[in-house]
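Here are my notes on the model you asked about. They are numbered so that you can follow them beside the structure.

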Number of protein chains: 2
Amino acid sequence: MAQSNSKGDRGERELVNYLNGNGWGVLRSPASGSATVRELPDVLAGNGRRFFVMETKWESGNKIYYDRDKILGLKFFGHKFGAEPRAVARFDAEYGDPSYGEDWPGYYLFGLDELYITKEGNFRIKKEAALEYGTPVVDL
Amino acid sequence: MAQSNSKGDRGERELVNYLNGNGWGVLRSPASGSATVRELPDVLAGNGRRFFVMETKWESGNKIYYDRDKILGLKFFGHKFGAEPRAVARFDAEYGDPSYGEDWPGYYLFGLDELYITKEGNFRIKKEAALEYGTPVVDL
């Protein structure tokens, strides 16, 4: 489970910086990306009205998969803390990519029941679904 | 500002474990104890009804000092996120120490306006005040 994930890490920092600069108090998990006893969310954000726990992924392909145990951990932590769980997807694109348009930076949020469940019990988002149905982070 | 603070670190982990085992969703700051651009709280905890940001200190003496910039950072983050800021004090004591009584583990929470302000603009809690006026973590 423990892995070096520099793109994921970079994406997480980018998202945290964006939220932090737009009125959100944000904390990253200290154990993000590494194995721990407790399953901790990547990001916890609040703005005094709404609270989100997030699992973030940045992929170069057109599909993003989330491990079942990560999603279950997100659900559990969110319920305990009192925050809404969100899977966050970011696909490769350069600034100005027309597929993002006004939604830059291109992070899309999904409620857990909006994710496709694979035969293996993991969760998936496709890029076209993200662009069409996801909540752009700029709309939070 | 960056310092190795093994007692503080141990205390923080003890507090996090206690809260986590008692119905709270808890996240420690990844940068806790080290210098960062953003001033981040040591601990962020929620139980679906209340949310706290905490600056924790564990000292062997009878007085605990909190740096002004830490307290200001706590206030700012708490306001932005939507969590109540608390200074948390833990004084040296062994399990069964009569001064703690039923309040073990001996962590006491203070609202920022309950702290004494020193001439230098820092903040202070004395042990006897903690035991008398603080909110024991077991009462959260």
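1. In chain A, six strands form an open sheet in the order β1-β2-β3-β5-β6-β9, with mixed pairing. Strands pair if DSSP finds at least two bridges between them; helices (H or I, at least four residues) and strands (E, at least two) are DSSP runs, numbered from the N terminus. The edges are held by β1 (25-28) and β9 (135-136) of chain A, each with a single partner strand, so one side of each has no neighbour in the sheet.

2. This is a predicted model, in which local features need pLDDT of at least 70 and side-chain atom pairs count only at pLDDT 80 or more, while totals for chains, interfaces and linings use all residues. Residues are numbered from 1 along each chain as its sequence is written, chains are lettered from A and ligands numbered from 1 in the order in which they are written, and side-chain values use heavy atoms, with hydrogens and water left out.

3. A:Lys57 stands opposite A:Ala89 in β5(A). On β5(A) there is also antiparallel pairing, with 4 bridges to strand β6 (residues 107-110) of chain A, where A:Leu109 is the bridge partner of A:Val88. Of the 8 residues of β5 (residues 84-91) of chain A, 6 are buried, so this strand is largely enclosed by the rest of the structure. Buried means under 20% relative accessible area, exposed over 50%, and partly exposed in between (1.4 Å probe, protein chains only).

4. Chain A has a further open sheet, of 3 strands in the order β4-β8-β7, with antiparallel pairing. Its edge strands are β4 (63-66) and β7 (116-117) of chain A, each pairing on one side only. Between β4(A) and β8 (residues 123-126) of chain A there are 4 bridges. A:Ile64 has A:Ile125 in β8(A) as its bridge partner.

5. What is the order of the elements along chain A? From the N terminus on, they run α-β-β-β-β-α-β-β-β-β-α-β, which comprises 3 helices and 9 strands. Of the 140 residues of chain A, 48% count as buried.

6. The largest nonpolar core has 44 residues, and A:Leu44 and B:Leu44 have the most contacts inside it. A nonpolar core is a set of buried Ala, Val, Leu, Ile, Met, Phe, Trp, Tyr and Cys residues joined through side-chain atoms within 4.5 Å. Residues up to four places away in sequence aside, A:Leu44 touches residues of both chains, including A:Phe52, A:Phe77, B:Leu27, B:Leu44 and B:Phe81. Contact means heavy atoms within 4.5 Å.

7. A:Glu12 lies in helix α1 (residues 6-20) of chain A and counts as buried at 4% relative accessibility. The side chains of A:Glu12 and A:Arg28 are joined by a polar contact of 2.8 Å. A polar contact is a pair of N or O atoms within 3.5 Å; within protein, one must be able to donate a hydrogen and the other to accept it, and residues adjacent in sequence count only if both atoms are side-chain atoms. A:Lys70, in helix α2 (residues 68-81) of chain A, is buried with a relative accessible area of 15%. Leaving aside neighbours within four places in sequence, A:Lys70 is in contact with A:Glu39 and A:Glu55.

8. How are the two copies related? Chain A can be laid on chain B with an RMSD of 0.0 Å by a turn of 180° and a shift of 0.0 Å along the axis; the two copies are thus related as by a two-fold rotation axis. Copies are superposed by least squares on the C-alpha atoms of residues with pLDDT of at least 70 in both. In chain A, A:Pro30 comes closest to the rotation axis, at 2.0 Å (C-alpha). The same surface serves both copies, as 100% of the contact residues of chain A recur in chain B.
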